Amino acid sequence: MGFDQFVAERLDRLLGYATAITCDKHLAQDIVQNVLMRAQNKWERIGAMDAPYLYVKRMVTNDYLSWRHRRAAREIAVERSELAKHVPSEADPADAHAEREAMRARIAVLPRKQRAALVMRYYEDYSDAEIAHVLDCAESTVRSQLSRALQTLRAHEIARSATLGVQS
Amino acid sequence: MNDLIRSAIAAEAEERVNSRTVLAELHKRKARKPFGLIVGVATLTVAAAAAAFIIPTAIKKTDAAPATSPAAPVSAANVLLLGMDEVGNTDALVYAHFNADSSVSVVSLPRNVKVGDDQLYSLYAQDPKKLTAAVETLTGTKVDHYAAIKMSEFGRIAQIVGGVEVCLTAPAKEEYSGVDLPAGKSTISGDQALAFLRQRHDLPNGDVDRTRRHQAFLTGLAAKITKDNALPFAREISKTIKVDAGWDVVEFAQRFQGPVKIQAATLPTEATILNNGPAYLAVNPGVAKAFVENQFAGNGAVQDACVN
């Protein structure tokens, strides 16, 4: 597959993925642009792979997980955690939109690697093996990342339901 | 909770910027970077030999450069393309005029043209400057640059681009070269491509037909070079090609941003001089200069698509 064809077919999805893991569309745009520029330089090799998309996704993920973006990530995390505090109490609990926004905020404050695994599972519908490939780790690590993420989200959910139960 | 996570992540992903914004930015950056230049070049469909030596970065430079100074950026340039045989003789000489508008006019120079006591094919091995000087005298033009590649590479080159389409006026079957191709269009690569280029025997017009085959092959190869295969192609070629030391090929490559028109012809020769065996070809200096001038000006006749 040629680079241009790859971009035409995959760019939008890649931006969606990057936005979901970074929770920042501008950061996502920067990362995707930089990664694609680099990928183009070695497209001869990447294009010949079985799954160029997985490899490029790995580049995007690594870029985000790398130290260069830590500060940006922390800023976003702080912003989202503020949101997370406010959303549940302010919104109508019966409102699906509000529930979703609350979940978004909780996902946004997960550790980055956990969030990346979560996005791959729930946005890309990837298997453990595929996620392990992108994160360059063992499948058992993927499972533990996912289970920790779900545990955190569930704990919040239970706490929130309990709070809501008292209120109503 | 899974559905909630799913919809939350989908909502987050929904925030993504428009991919067209990113595409535009990519194109903008591409134009600024040297790599973009190479990709731009990659879109060119120019004579295969030409495409081969203008793209790569890993080209081996030879010591000798032509006496003439390099051409200014994006002005016309005359480049001598040499196909070398296994023992270092020049088997094919293609003299190409690259216009500023990136069209290319090509004149094949028969290898047996007499120059002093020598013939064109033996001069490069003696001294590349001797060859460029001879071509300058012969054609009345300045040779700005030259590039040399082994003819034996062309089989592999054809393979890299997935075969080259050529067209024959009659079936070709001859045992010395091993050529065995039907009349009409064939897609050739590997040994058949080499045989097609090498056949000397059983050709109605001998070396003239062989030269026409070189041109047909280069034109067919040019048509197969795309953005996607140009880089592996260039990388492969760069292992065996040599260009003169004074040539900034990447700079030269900037002129090629789109499809390239190519027009080929063969230098007319006057008579065969028998010199105790080997057949020399003589050239009328006035005729040769006028022919090259006319061809390089883009006024050459269009040749038949099919060759003997």
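**Close-up 1. The salt bridge between E15(B) and R104(A) in the predicted model.** E15(B) pairs with R104(A) in a salt bridge whose closest N and O atoms are 3.6 Å apart, and the structure shown here and in the views that follow is a predicted model. The pair crosses between chains, running from E15(B), which sits in the loop between helix 1 (2-14) and helix 2 (19-32) of chain B, to R104(A) in helix 6 of chain A. Side chains of opposite charge can pair when their charged atoms come close. A search of the whole structure finds 17 salt bridges over all chains, and the count between chain A and chain B is four.

**Close-up 2. The salt bridge between D125(A) and R6(B).** In this view D125(A) of chain A forms a salt bridge with R6(B) of chain B, and the closest N and O atoms of the two residues are 2.9 Å apart. Between chain A and chain B there are also five residue pairs in polar contact, counted where both residues have pLDDT 80 or more.

**Close-up 3. The contact between chain A and chain B.** The contact draws 36 residues from chain A and 31 residues from chain B, and the area buried between the two chains is about 3,200 Å², with carbon and sulfur atoms giving 66% of that area. On the side of chain A, the residues that lose the most area to chain B are M37(A), R104(A) and Y122(A), which together account for 21% of what that side buries.

**Close-up 4. The side of chain A that touches chain B.** At least two residues of this side are supplied by each of helix 1 (3-22), helix 2 (25-41), helix 6 (96-108), helix 7 (112-122) and helix 9 (139-167) of chain A. Helix 1 of chain A gives the most, with nine residues. Divided by class, the side of chain A that touches chain B has 16 nonpolar, eight polar and twelve charged residues.

**Close-up 5. The largest cavity and its lining.** The structure holds four cavities of 30 Å³ or more, and about 120 Å³ of space lies in the largest cavity. Of the 13 residues that line the largest cavity, A92(B), V94(B), M151(B), F154(B) and L218(B) are the closest to its centre. Strand 2 (77-84), strand 3 (90-98) and helix 9 (207-224) of chain B each contribute at least two residues to this lining, which by class has eleven nonpolar residues, two polar and no charged.

**Close-up 6. The second largest cavity and its lining.** The second largest cavity contains about 70 Å³ of space, and the residues that line it include D91(B), A92(B), S108(B), R111(B), D207(B), R210(B) and H214(B). Strand 3, strand 4 (104-109) and helix 9 of chain B each supply at least two residues of the lining of the second largest cavity. By class, this lining is made up of five nonpolar, three polar and four charged residues.

How values were computed
Residues are numbered from 1 along each chain as its sequence is written. Chains are lettered from A and ligands numbered from 1 in the order in which they are written. Side-chain values use heavy atoms; hydrogens and water are left out. Contact means heavy atoms within 4.5 Å. Buried area is the accessible area (1.4 Å probe) that two parts lose on being put together, summed over both. A salt bridge is a side-chain nitrogen of Lys or Arg within 4 Å of a carboxyl oxygen of Asp or Glu. A polar contact is a pair of N or O atoms within 3.5 Å; within protein, one must be able to donate a hydrogen and the other to accept it, and residues adjacent in sequence count only if both atoms are side-chain atoms. Helices (H or I, at least four residues) and strands (E, at least two) are DSSP runs, numbered from the N terminus. Ala, Val, Leu, Ile, Met, Phe, Trp, Tyr, Cys and Pro count as nonpolar, Asp, Glu, Lys and Arg as charged, and the others, Gly among them, as polar. On a 1 Å grid over the protein atoms alone, a cavity is a set of points where a 1.4 Å probe fits but cannot get out, and a pocket is an open set with protein on both sides within 12 Å along at least five of seven lines; lining residues have an atom within 4 Å of a point. Grid points are joined across faces, edges and corners, and a volume is the space filled by probe spheres set on the points.
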